[in-house]
Each structure stands twice: as structure tokens, then as C-alpha cells.
Amino acid sequence: MTDTNDRSPVFVHPTADVEEGAKVGDGTKVWHLAHIRSTAQVGAGCIIGRNVYVDAGVSVGDLVKIQNNVSVYQGVTLEDEVFVGPSAVFTNDFRPRAQNPDWEITPTMVRKGASIGANATLVCGIEVGEYAMIAAGSVVTKDVRPYQLVAGNPARPKGWVNAKGEVVSRDVENPPAQD
């Protein structure tokens, strides 16, 4: 998976499993025991940490960092420059049952530049806005607005961040103007 235009090759650790048909962009690193399914798409310059699972049909943008022990299931889309902290959890089923012939995937969208803290849980069917920040350990059950900082169980607004992730306001109602 090396491009002849002087781009960095894809690195896949010998213990990782990138199934035939998966698309992995230039310069992406896939580390120990990671598994990328056959119809998944992972962009360029990504870091896929140890024991990460990227399910069939998942779309991961460019320059995304998925830390260790994260499963990104069908129906989840991670746009460019998203950060997913260690052991964060995505769901894709509102009513999980071991046997459900009527099961339907409920999509989740994580927009450009958003950050998801370690051990956060995102319940399916939500959208996380651009450059939003989800604190570690949060349980997100509702949409998160662009640049919004949320924390807790359930996650609640705690303020606003800028594109660098710095808290710029603790006014939970009124977002400041962004540069």
C-alpha cells in the first residue's frame, strides 16, 4: 500500500488484521492486535491503536487518532482530525438483544476535530459537532454542539472550547464567537 508520489506507506503491525477490501490511507499506522474489516475506510495519516476494532462499513477520515481498546461499530462515522481516547465506547443499537431479526443500525456522526475522552460512552443516534470536546468517562445521550464541552453521566454542557481544545467560556447557554 505504498504510493509512488513520495507519500508515506501504510504501516500494519504483524499482529494486526486488515481484511482484504479495507481501504487504508497513506501514512496510517495500524498497531498491535487492531482489526479493520473488509468494507471499512480509514483515511490518510491516522493512528489506529492497540486492540482497536473498525467494523465493516465504518468511515474514518484523515488524521484521526483512535487510542487503544476502542471498537468503532457499523453506523459510526468519524470525520477528519477526530481524537478518540482509550477505551471509549460507541454503540449502534438502541434496543440490543442477542436475537433480533428486526435489528437496525442507528448511526452516529462525529464531526471534524471533535475529541472524545477516555472511557466515554456515546449512545447511538447522536451527532458530535465540529471541535466539540467530551470529557473522560462521560455518557453522551444527546447531540453535542460544535465547540461545546460536555461532561458527566449523562453528559451535560459545561462550557465551550476553541479549535485547540482550550476552554474559552463556562457560559453553557451562549457560545462565544469562534475565530
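User: Which residue in S22 does Val150 stand opposite?

Analyst: In this predicted model, strand S21 covers residues 148–151 and strand S22 covers residues 156–161, and the two run antiparallel, joined by 4 bridges. Across from Val150, the residue in S22 is Pro157.

User: Which residue takes a positive phi in the hairpin of S21 and S22?

Analyst: The hairpin of S21 and S22 has 4 residues between its strands.

User: How many residues lie between S22 and S23 in the hairpin they form?

Analyst: S22 pairs with strand S23, residues 167–169, in the antiparallel sense over 2 bridges, and Trp160 stands opposite Ser169 in S23. In the turn of this hairpin Gly165 has a positive phi of about 90°, and the number of residues between the two strands is 5.

User: Which strands stand at the edges of the sheet?

Analyst: The open sheet is formed by 10 strands with mixed pairing, in the order S1-S4-S7-S10-S13-S16-S19-S21-S22-S23. Two strands each have a single partner strand, so one side of each is left without a neighbour in the sheet, and these edge strands are S1 (11–12) and S23.

Terms used. Residues numbered from 1 in each chain as written. Predicted model: local features only at pLDDT ≥ 70, side-chain atom pairs only at ≥ 80, totals over all residues. Heavy atoms only, no water. Pairing = 2+ DSSP bridges.
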